[in-house]
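Here's a quick briefing to read alongside the structure. Have the sequence and the 3D view open, and let's go through it topic by topic.

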Amino acid sequence: MGKLTKRAVDAQTPPDKGQTFLWDGEIRGFGVRVVPSGLKTFVVQYRNIEGRTRRMTIGRYGVMTVEQARDQAKVKLGAVAGGADPAAENASLREAITVTEVCDWYLKEAEAGRILGRRHRPIKTSTLAMDRSRIETHIKPLLGRRQVRALKLGDIEALQSDIASGRTAKPRGVGRGGATTGGAGVAARTVSTLQSLFAHAVRLDVVASNPAVGVRKRVGKRRERRLTVAEIKRLGEVMRVAERNDEHPVALAGVRLMLLTGFRISEVQGMKRDWLHADQGYVHFPDTKSDGQVRAIGPRAADLAASQPARKNCPYILPSDIGDGHFTATKSCLARLCAGANIEGVTPHTLRHTFGSVAGDLGFSELTIAALLGHAARGVTQGYVHIDEALKLAATRTCEEIASLLETGGQGSAVKS
């Protein structure tokens, strides 16, 4: 055939089984491999100095263009002409590569947008920040010097046990950031990160196999804590006292918004003014933990958000005290309020769970509550949930119920004690 082009690669249909190749007519040994899943990978095939046929992967089509792959093929085949065997060299490097080197490769490639995550999009900055934290805090200290080829499933499960028992725990240091803790949940999430980065490394031919496949991840305790009716009332009383005693008004607004909406703390603090459509009863989040979403918001919560004083050149509903960023101290305000109300075991997620529980107490379905909270769809039916009048009604009634408990004691409340 002629010169390998993007059009030709796009037109190549996946085989029913096995693999097919489309070879370039100009550079002998340069081509693209297609498998039944539709994955297309650039390859170079040649005979080494011993006369043995070698085939090596250059990169994945889509991540790498045809011209970029062509340039790489020229380099590899040029080395072959000089007596080198790049496929054997790659295999040797893969065998010797350490966990730290794979982690560094993953972070570099993900930051550059060359590794695709959910929905075949570049990995989100927030997800990458969590991955980096787990890598630097847990993975590198425990396994960083080990060669990937030497790892066994038992080594990964030992890592999980060490994290769960607190072997990598550290007290809070100077500056930002909290203490590093252990626990089953942290351990399981770290193993998930390790499994994911190894899977990307296998797919892109950085390592030969994924040693974390098949690990049985520990199950952490489900966070089922919710505020009772009495606790919501006490929290409301303390909030009124705090307001009179000069508690930060933006922080108080953040706590109220979390309770009245069920939004995540990152969503409340990072909410921009042009995302809020108070008159239509929704907020359009361009990017959340579960991708872009349109979420219903009750009138009381919408009015509270819209009434926050605007700051010049700051797009956020809850602006920071300095600069043009968003407010970040809502969590510490919540801790002070709960201490004043003698309420223990409360996190920002507790307020989110409380909102969902109140909606359940009011008789709304699990599907409706999932839509209110912005949970990722787990079935086809959830894909049809949108901001209709029924969802707006659920957001309004739940918001009003919690506002009533906060402000007036909730006489005649429909919520369970």
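**Around His 200**

Leaving aside residues up to four places away in sequence, His 200 touches Trp 105, Tyr 106, Ile 115, Leu 116 and Ile 123. Keep in mind that this is a predicted model. The protein has 417 residues, and 43% of them are buried. Its elements come to 15 helices and seven strands.

**More on His 200**
- You'll find His 200 in helix H7, which covers residues 184-203.
- Is His 200 buried or exposed? With a relative accessible area of 10%, His 200 is under the 20% cut-off, so it counts as buried.
- Across the protein, 59% of the contacts with a separation of 6 or more involve residues 24 or more positions apart.

**The largest nonpolar core**
- This core holds 57 residues, and those with the most contacts inside it are Leu 227, Leu 235, Leu 260, Val 283, Leu 337, Leu 351 and Leu 372.
- Several elements give it two or more residues, including helix H8 (229-244), H9, strand E6 (282-285) and helix H15 (389-408).
- H9 gives the most to this core, with nine residues.
- As for Val 283, not counting residues up to four places away in sequence, it touches Phe 263, Met 271, Trp 275, Leu 276, Gln 293, Val 294, Arg 295 and Ile 297.

**Another core**

**How H8 and H9 pack**
- The axes of H8 and H9 are 11 Å apart, and the angle between the two helices is about 160°.
- That angle is over 145 degrees, so H8 and H9 are roughly antiparallel to each other.
- Their crossing is left-handed.
- Which residues meet here? From H8 come Leu 235, Met 239, Ala 242 and Glu 243, and from H9 come Leu 252, Val 255, Arg 256 and Leu 259.

- Mean pLDDT for the protein is 86, with 88% of residues at 70 or more.
- Among the elements, helix H9 (residues 249-261) has the highest mean pLDDT, 96, while helix H3 (residues 86-96) has the lowest, 62.
- Over residues 378-385 the pLDDT is below 50, and beyond near neighbours in sequence this stretch has eight contacts in the model.

Note on methods: Residues numbered from 1 in each chain as written. Predicted model: local features only at pLDDT ≥ 70, side-chain atom pairs only at ≥ 80, totals over all residues. Heavy atoms only, no water. pLDDT = per-residue confidence, 0-100. Helix = DSSP H or I, 4+ residues; strand = E, 2+ residues; numbered from the N terminus. Contact = heavy atoms within 4.5 Å. Core = buried A, V, L, I, M, F, W, Y, C linked by side-chain atoms within 4.5 Å. Buried < 20%, exposed > 50% of the residue type's maximum accessible area, 1.4 Å probe, protein only. Axes fitted to C-alpha atoms, helices over the stretch in contact; angles between N-to-C directions. Parallel < 35°, antiparallel > 145°, perpendicular 65-115°, else oblique. Left-handed = near helix turned anticlockwise from the far one by under 90°.
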